[in-house]
Amino acid sequence: MELRHLNLIKTIAEEKGITKSLGKLFLTQSAVSHQLKDIEERIGAKIFYRTKNQWLLTDEGKILYDSAVIILKELNSAMVKVNELREGHTGCLRIATECYTSYHWLPSFLSKMNILYPDLEVKIIIEATHKPLEKLLSNELDVAITSDPATDKSIRYIELFKDEVIAIVQKDNILARKKYLNAPDFSDQTLIIHSYPMETVTVYQHFLKGHQTQPKQVIAIPLTEVALEMVKTGMGIMTLPLWSLKPFVNSHELLQIKIGQKGLIRTHYAAIRQEDSSKKYILDFIENLKEELCNR
């Protein structure tokens, strides 16, 4: 039995006959009669008692009518949800970044999104940090924020913003006199990072590794405030995106130095699966995120 058959039974039952049903079914009387006869032949039972003034459901007809009400209601509800997804009003979006410092701007942005899109549920998947593209491809994420795109045709990248990673040194450090740092300058320094592995640390992946240079020592400190205090006491140097320092750096003890003569510039992207490129709620989220980050 097809959905059109259930709709026909429901409409005839509620309109108490064929004549009043024609306008809602958009069929001729002969077409309705033909379809109803076909249904009755399929199930081997009458669906309606035909009287002069109205049509009444048989016991078999009542079973089919009750099922039709439930099924058509559920289908209509499902179509409403599908349309809301297509229009960008609702949905569930899982997001992660490749770097813990990027989470500084997420909470305030998500608060704004909650006001603009109250039915859009956004989940931050912390455990996907450092491997967001891997989690994106395994369908554990919907949006991955990365500055290190992979060459995979199944991923679409949408540029968000550019930033600069700089070195933070104590004012008495020997490096404090330099206008910019070269790779060998790191070889006798303790580099304080947020977390391992080193392949996820921008200064290593995009600067030191290419020059085959290693820091003298590497210490992982996940809290920026604590790490900066260590830099103040001369226990090492840090590298951070310039924008992420605004809430923390307000000390004459610390100096900011460019990395490389031209600076260490990164481009951040929102990565999504190509198959999700038509999902409006995802694209709307990314467009709002891009606007937020560009106006920081």
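These exercises work through surface, contact and salt-bridge features of the structure above.

The model is predicted: local features need pLDDT of at least 70, side-chain atom pairs count only at pLDDT 80 or more, and totals for chains, interfaces and linings use all residues. Residues are numbered from 1 along each chain as its sequence is written, and side-chain values use heavy atoms, leaving out hydrogens and water.

**Exercise 1**

Find which helix gives the most to the nonpolar patch.

Solution. Step one: list the members. Leu-3, Ile-70, Ile-71, Leu-75, Met-79 and Val-82 form this surface patch, with about 500 Å² of accessible area together. Patch residues have over 30% relative accessible area and no salt bridge; nonpolar side chains (Val, Leu, Ile, Met, Phe, Trp, Tyr) are joined within 5 Å, like charges within 9 Å. Areas come from the Shrake-Rupley method with a 1.4 Å probe, and for residues only the protein chains shown count as cover. Step two: assign the helix. Helix α4 (residues 59–87) gives the most, with five residues. Helices (H or I, at least four residues) and strands (E, at least two) are DSSP runs, numbered from the N terminus. Step three: check one member. Met-79 lies in helix α4. Its relative accessibility is 42%, so Met-79 counts as partly exposed. The classes are buried, under 20% relative accessible area; exposed, over 50%; and partly exposed, in between (1.4 Å probe, protein chains only).

**Exercise 2**

Determine what Tyr-65 contacts beyond its neighbours within four places in sequence.

Solution. Tyr-65 is in helix α4. Step two: list the partners. They are Ile-9, Lys-10, Ala-13, Glu-14 and Leu-57; contact means heavy atoms within 4.5 Å. Step three: take one pair. Tyr-65 and Ile-9 are 56 residues apart along the chain, with C-alpha atoms separated by 6.3 Å.

**Exercise 3**

Work out which parts the Lys-258 and Glu-164 pair ties together.

Solution. Step one: identify the link. Lys-258 and Glu-164 form a salt bridge, with the closest N and O atoms 3.0 Å apart. A salt bridge is a side-chain nitrogen of Lys or Arg within 4 Å of a carboxyl oxygen of Asp or Glu. Lys-258 lies in strand β11 (residues 254–259) and Glu-164 in strand β6 (residues 155–170), so the pair ties together parts 94 residues apart in sequence. Lys-258 is partly exposed at 32%; Glu-164 is buried at 18%.

**Exercise 4**

Trace the network that includes Asp-276.

Solution. Step one: start with a pair. Lys-279 and Asp-276 meet in a salt bridge (3.2 Å, N to O). Step two: extend. Salt bridges that share partners join Arg-94, Asp-142, Arg-273, Asp-276 and Lys-279 into one network.
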